[in-house]
Amino acid sequence: FKTRILVLATVLSCTVAGVAAAADVKPRLIRFGYGLNEESVQGRAARHLAQELEKISGGKLKMRTFGSANLGSDEQMQSALVGGAQEMMVGSTAPLAGMVKEFGVFDLPFLFNSEKEADAVLDGPLGQDLLKKLEAKGIVGLVYWENGFRNMTNSKRPITRAEDLQGIKLRVMQNQIALGVFNTLGANAVPMPFSELFTALETRTVDGQENPITTIQSSKFYEVQPYLTITRHVYTPWVVLASKKWWDTLSPEEQKLIRQAAASSRDFERQDSRADSTKAMGTLEKNGMKINTVTPEEVARMRQKVQPVVDKYTQELGPELVKQLNDEIQKARN
Ligand code: TF8
């Protein structure tokens with residue numbers, strides 16, 4: 001008799017918990033914006049996120065994805081999230097530095113040597129602390145996706161030394177550190193949203209840009225940029241964000257499901273980005289790009305050249321933060 005009561009009690013409580021959880025998830029439509037096109041790593045990971053969320057919520061949490069900056073540039077979407085006009089997005093950390101200046105650490109050049117080091121820092125204490133800082137500004141930071149190591153393209157000449165950047169109008173992401181780094185390397189840095197970049201390259205408003213090869217491929221920059229120089233000068237992440245105004249209206253169960261789907265999209269995206277990256281070089285070559293790799297000696301020279309900028313921004317970002325970053329990289333390296 002005793003065991004029967006126990007079994008009954010267990011069945012009952014499970015049912016109650018099940019019902020409670022289901023009732024805690026309401027039918028919702030989530031708008032998710034991103035800047036690259038649908039054929040990009042961003043596009044594939046956005047679709048993965050939407051499918052995963054729909055699956056684990058039993059079809060209740062539906063996500064509609066908008067690529068090609070159809071909901072606006074990264075900056076515009078950030079503002080829409082803060083205001084509560086849009087639910088979710090993915091974008092670069094660089095423009096977030098205007099809101100939480102510490103995100104600028106990822107624009108410091110020549111920090112990471114490998115994707116593995118980047119993963120460790122982003123998923124470790126430093127990366128997670130930075131996400132938490134966003135909440136006070138009205139944004140919930142969920143997970144980091146890989147954007148990747150950035151390389152330079154331009155329409156003028158192969159870059160073999162920093163001096164080759166002289167006179168090249170180079171579009172950079174919108175923050176002070178990126179601007180300082182590329183001006184110091186010798187280029188004429190022009191900050192501009194990504195959504196305006198292809199046209200600017202096509203019309204020669206700018207001569208060049210820098211992005212990971214996955215993006216150079218998916219955005220078809222090879223159509224307007226004959227030269228690709230492998231520099232791997234900086235590793236920049238993407239970050240999946242939610243509007244805090246909206247997030248606070250969700251039940252804990254709904255928040256849990258979104259976090260779970262976001263974690264799944266992170267793992268999917270990083271794997272996909274790395275696989276795509278190894279294939280992209282061949283595609284770019286086939287499409288006529290002239291590719292050169294900067295020598296390790298020249299990388300060392302470039303690194304030396306930008307050291308004053310790194311020193312300046314180490315002071316501005318906080319020497320402790322930059323020390324923590326370097327310590328976490330060292331730990332991952334060993
Ligand atoms: C850039 C970034 C872009 C992203 C994307 C549009 O150059 O590398 O990939 O911001 O979300 O702006």
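**A mixed sheet and its surrounding helices**

Six strands come together in an open sheet of mixed pairing, and their order across the sheet is β7-β6-β8-β5-β9-β11. The model is a predicted one. At the edges stand β7 (188-191) and β11 (290-293); each has a single partner strand, so one side of each is left without a neighbour in the sheet. On average, and with direction ignored, neighbouring strands of this sheet are turned by 25 degrees against each other.

Within the sheet, β6 (residues 169-172) pairs with β8 (residues 208-211) in the parallel sense, over two bridges. R171 has Q209 of β8 as its bridge partner. The sheet also carries a helix: α6 (residues 176-185) packs on it and touches β5 (151-154), β6, β7 and β8. The direction of α6 makes about 160 degrees with that of β7, an angle that counts as roughly antiparallel because it is over 145 degrees.

After α3 comes G84, with a positive phi near 85 degrees.

A helix pair is found in α4 and α5 (residues 125-133), which pack at an angle of about 45 degrees with their axes 3 Å apart. The two helices are therefore oblique to each other. On the α4 side the contact is made by V121, L122 and D123, and on the α5 side by L126, G127 and Q128. Sorted by class, this contact has three nonpolar residues, two polar ones and one charged one.

Finally, the backbone deserves a look. Most residues other than glycine have a negative phi. F110, however, has a positive phi near 55 degrees without being a glycine. F110 lies in the loop between β3 (88-92) and α4 (115-123), and its relative accessible area of 9% makes it buried, because the cut-off is under 20%. R204 is also not a glycine, yet its phi is positive at about 60 degrees. The loop that holds R204 runs between α7 (197-202) and β8, and β8 is the strand that pairs with β6 in the sheet.

Conventions: Residues are numbered from 1 along each chain as its sequence is written. This is a predicted model: local features need pLDDT of at least 70, side-chain atom pairs count only at pLDDT 80 or more; totals for chains, interfaces and linings use all residues. Side-chain values use heavy atoms; hydrogens and water are left out. Two strands pair if DSSP finds at least two bridges between them. Helices (H or I, at least four residues) and strands (E, at least two) are DSSP runs, numbered from the N terminus. Axes are lines fitted to C-alpha atoms, for helices over the stretch in contact, and angles run from 0 to 180 degrees between N-to-C directions. Contact means heavy atoms within 4.5 Å. Buried means under 20% relative accessible area, exposed over 50%, partly exposed in between (1.4 Å probe, protein chains only). Angles under 35 degrees count as roughly parallel, over 145 as roughly antiparallel, 65 to 115 as roughly perpendicular and the rest as oblique. Ala, Val, Leu, Ile, Met, Phe, Trp, Tyr, Cys and Pro count as nonpolar, Asp, Glu, Lys and Arg as charged, and the others, Gly among them, as polar.
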